Amino acid sequence: MRVAVLGAGSWGTALASALAENRCEVTIWARDARITQQIQSEHINTRYLPNAKLPASLRATTDLKTALMDAEVVIYVVPSAAMREVVELSRPLLSGAPILCHAVKGFDPTTGSTMTDLLLEYHPDARDRFCVIAGPSHAEEVVEGLPTTIVAAAYTRATAEAIQDLLMSKVLRVYTNPDVKGAELGGALKNIIALGVGIADGLGFGDNAKAALMTRGLTEIARIGLKLGASVLTFAGLSGVGDLIVTCTSLHSRNYRTGKLLGQGKSLEEALAEVGMAVEGVNATRIAIQLASSHGVEMPIANALSDVLFHGKPPRAAVEDLMGRARVHEIEEVARDQISASWN
Ligand SMILES: NC(=O)C1=CN([C@@H]2O[C@H](COP(=O)(O)OP(=O)(O)OC[C@H]3O[C@@H](n4cnc5c(N)ncnc54)[C@H](O)[C@@H]3O)[C@@H](O)[C@H]2O)C=CC1
Ligand SMILES: O=C(CO)COP(=O)(O)O
């Protein structure tokens, strides 16, 4: 199977590596020739995964046309802010009817769209060939061959299973899911909570605060997710609570690390510069509070994050506001048909 992976940051490199290990013919595309040359000739990517040895069969190019030539599967793995540009550049270069997959955990910054809604703008007839790769999967561990589970979510069973078969290995277990929206929202919105947990740790709070943020954060994610058409069981799965746990607890997480620096008193600019890689939670916070407001949904943690990130509120004051909210019930009612999704 010929696969083009667009984006040679940490996750693109790790996914491309896993596919090449599975005997796919993989070409990874990046804009930076230093990175493609390193991957192609030295089988390393020191900027993004300094400790990893990559498969010798993995090819790399800065020429998008070469990467996409005869590709049967195209996987977009750039930060969400770059997705529109890369989808636009790649559209005229696609040949045949490849599966269009993405592994991006964020929203389009200008429209607030999910990544498949963005793809749909450019490929309105290809919905059945869309697939989302999501779930708890830090690139640093995947590239080391440490056991990992992920989700392939697609509108059709055939597409989901094609990606499942492509990626499944002794160390990578892939589950399918028909709930594309739920998988995307779980992946994008957990980044907000990871920023919050990082802040709590940076302020010196304990495990109780971490558990509270993760649990009530999941409630917020499910609440807006249901309004947007996702199924609640997806949020109890790998792309929901699974990814929330890994991102809020792993030192690999760029969102968690950014939050921790903020809690320790760094400015957002300083924290982002120190982390130096994609931190999707910042844009996701902005989009989430817009979505919450337009759908009449309460997202207090996202709102508190927005105050800290964009309005200069000291993190400790934001926590005091959260703790001082009016009393509420814990559990909300969910309609039976919103519990799980199916392919018929
Ligand atoms: N790193 C990880 O462990 C995981 C990351 N993801 C998601 O994957 C997506 C990509 O993240 P990472 O690979 O981690 O980011 P990264 O910061 O490691 O690398 C981003 C890459 O995208 C490239 N890029 C940026 N703008 C571009 C543009 N306009 N055109 C072409 N290339 C561009 C950069 O040069 C860089 O190579 C994000 O949405 C992230 O949430 C998902 C699962 C795991
Ligand atoms: O989504 C991820 C792991 O599943 C990566 O999270 P970060 O972007 O916070 O590193």
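1. Let me start with where ligand 2 lies relative to the domains. In this predicted model, domain 1 (2–178) and domain 2 (181–332) each contribute at least three residues to the shell around ligand 2. That shell holds 13 residues, and the nearest are Lys 190, Asp 243, Ser 253, Arg 254 and Asn 255.

2. Which elements supply the surroundings of ligand 2? Helices α11 (238–249) and α12 (254–263) are the elements that give two or more residues to its shell. Of the elements, α11 gives the most, with three residues. By class, the shell around ligand 2 has two nonpolar, seven polar and four charged residues.

3. The polar contacts of ligand 2 deserve a look in your viewer. A polar side-chain atom of Arg 254 is 2.5 Å from an oxygen atom of ligand 2. The backbone takes part as well: an N or O atom of the Ser 137 backbone lies 3.0 Å from an oxygen atom of ligand 2, and a polar backbone atom of Gly 135 is 3.3 Å from an oxygen atom of this ligand. On its own, ligand 2 has 310 Å² of accessible area, and the protein covers 92% of it.

4. Now to the pocket. Ligand 2 sits in the largest pocket, and the space that ligand 1 takes is also described as the largest pocket. For ligand 1, the elements giving two or more residues to the shell are α1 (10–21) and α4 (80–90). Here α4 gives the most, with three residues.

5. Why can ligand 1 be said to lie between the domains? Both domain 1 (2–178) and domain 2 (181–332) give residues to its shell, so ligand 1 lies between them. In total, 23 residues surround ligand 1, and the closest are Ser 10, Ala 139, Arg 254, Ala 278 and Glu 280. The shell around ligand 1 divides into 14 nonpolar, four polar and five charged residues.

6. Ligand 1 has polar contacts of its own. One of its oxygen atoms is 2.9 Å from a side-chain N or O atom of Arg 254. The side chain of Arg 31 has an N or O atom 3.4 Å from an oxygen atom of ligand 1, and a polar backbone atom of Gly 9 lies 3.3 Å from an oxygen atom of ligand 1. Taken alone, ligand 1 exposes 830 Å², of which the protein buries 90%.

7. One residue I would point out to you is Arg 254. Its side chain has a polar atom 2.5 Å from an oxygen atom of ligand 2, and an N or O atom of the Arg 254 side chain is 2.9 Å from an oxygen atom of ligand 1.

Terms used. Residues are numbered from 1 along each chain as its sequence is written. Chains are lettered from A and ligands numbered from 1 in the order in which they are written. This is a predicted model: local features need pLDDT of at least 70, side-chain atom pairs count only at pLDDT 80 or more; totals for chains, interfaces and linings use all residues. Side-chain values use heavy atoms; hydrogens and water are left out. A residue is near a molecule or strand if one of its heavy atoms lies within 4 Å of it. A polar contact is a pair of N or O atoms within 3.5 Å; within protein, one must be able to donate a hydrogen and the other to accept it, and residues adjacent in sequence count only if both atoms are side-chain atoms. Accessible areas come from the Shrake-Rupley method with a 1.4 Å probe; for residues, only the protein chains shown count as cover. On a 1 Å grid over the protein atoms alone, a cavity is a set of points where a 1.4 Å probe fits but cannot get out, and a pocket is an open set with protein on both sides within 12 Å along at least five of seven lines; lining residues have an atom within 4 Å of a point. A molecule sits in a cavity or pocket if more than half of its atoms lie within 2 Å of its grid points. Helices (H or I, at least four residues) and strands (E, at least two) are DSSP runs, numbered from the N terminus. Ala, Val, Leu, Ile, Met, Phe, Trp, Tyr, Cys and Pro count as nonpolar, Asp, Glu, Lys and Arg as charged, and the others, Gly among them, as polar. Domain bounds come from an automatic or database domain assignment.
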